[in-house]
Amino acid sequence: MSMTMSHAPAHERSGIFHARALVNRGPEGLGNDRRHLLGLEYLDRAEILALLDDAEYDLAKLQRDRIPSHELAGVTILLAFFEDSTRTRIAFELAGRRLGAVVVSVTSGGLSLSKGESLVDTLRIFEKNGTDLVVVRHASSGVPEFLARHVGMGIVNAGDGTHEHPTQGLVDLMTLRQVWRGHFENRRIAIVGDIAHSRVARSAIAGLNKLGVKVTVAGPATLIPVGVEALGCTLAATADEALAGADAVMALRIQRERMERGLLPSFSEYAKSWGIDARRVALMKPDAVVMHPGPVNRGLELAVDVVDGPRSVVLKQVENGMGVRSAVLRRSARAIRERA
Ligand code: ASP
């Protein structure tokens, strides 16, 4: 499907990286429709906390009971991943199956899209065949919202371009709530790296703001969006400045697939200036943790001994992934059933 100007979020329509994405709340806004999860920007504090509670409950249940429940029996979920994914896709698939839903999976290859059919027309085939819910990942920002406007199924955003990755944002909040023992107040997190291309950063900042966590971002000037403060964060000039006294750091992956040439002088220089190594970890509070959404480029965004070190919660983030995706699928399915 080719993206047109009409459904690309504002930060991409501008042609340069502006910080703010499309705001879509209010009576007309799809952000209020619980069949969908389009971004954390559209959820309020209470909705986020309720999802985190559900995710904790679901994770405990999934770890305890290996036998699928029947909670989503009769629900058909399409996983439509048009970009690579390991963690997100497997977590949605396992969560959907454990809840008793029928889960069908497609990628861009092998679909009629390659014959020129539009994404909407292709998805309407699935709708006609009884699909209730689509979990979509796409390289173009705005695709989930566009689909929510043009098909009748629930749409869950599993990452759209540089816009949002709401379930990753919930994973990050869930992980922080665990390590901070339920208290978000008076906490500060540093987010370091490629902010401009990062849907993970946008979702995290939106959620953290709603929970009252202070956010400092830092990264190479070429990878910081114009007006980044409008997202709800402060900008530090160096990684050391961002990390000093922080309660957590989130390193972001260098998004090679989204990057034009010339934005970084070299990867080794990046690692030196912005990579999180043991010295930088020591600048944070003694109990501060190190996060990364994955996949990690070891030795680039995080030093190898930091990824595997005692302060790393990277695998805890992965573990929380299934609880979050289970809670999100249940939320959409509930709203779909209420409508029916
Ligand atoms: N897995 C995350 C995403 O799809 C983070 C990344 O790829 O850097 O956005």
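**A tour from the helix crossing to the ligand**

The crossing of helices H2 and H12 is right-handed, meaning that the near helix is turned clockwise from the far one by less than a right angle. Select H2 (residues 45–64) and H12 (residues 314–339): they pack at an angle of about 115°, with their axes 7 Å apart. Helices are DSSP runs of H or I with at least four residues, strands runs of E with at least two, numbered from the N terminus; axes are lines fitted to C-alpha atoms, for helices over the stretch in contact, and angles run from 0 to 180 degrees between N-to-C directions.

The model is predicted: local features need pLDDT of at least 70, side-chain atom pairs count only at pLDDT 80 or more, and totals for chains, interfaces and linings use all residues. Residues are numbered from 1 along each chain as its sequence is written.

Next, display the contact residues (C-beta atoms, placed from the backbone, within 7 Å). Among them are Leu51, Leu59 and Leu62 of H2 and Met322, Val324 and Arg330 of H12.

Move to the open sheet of 4 strands, ordered E2-E1-E3-E4 with parallel pairing; strands pair if DSSP finds at least two bridges between them. Strands E2 (102–107) and E4 (154–160) form the edges, each pairing on one side only. The twist averages 15° from one strand to the next. Select E3 (residues 133–138), which 5 bridges join to E4; Val136 stands opposite Asn157 in E4.

Finally, select the ligand, surrounded by Gly159, His165, Gln168, Arg199, Val200, Arg253, Pro293 and Gly294 (C-beta atom, placed from the backbone, within 6 Å).

Technical notes: Contact = placed C-beta atoms within 7 Å.
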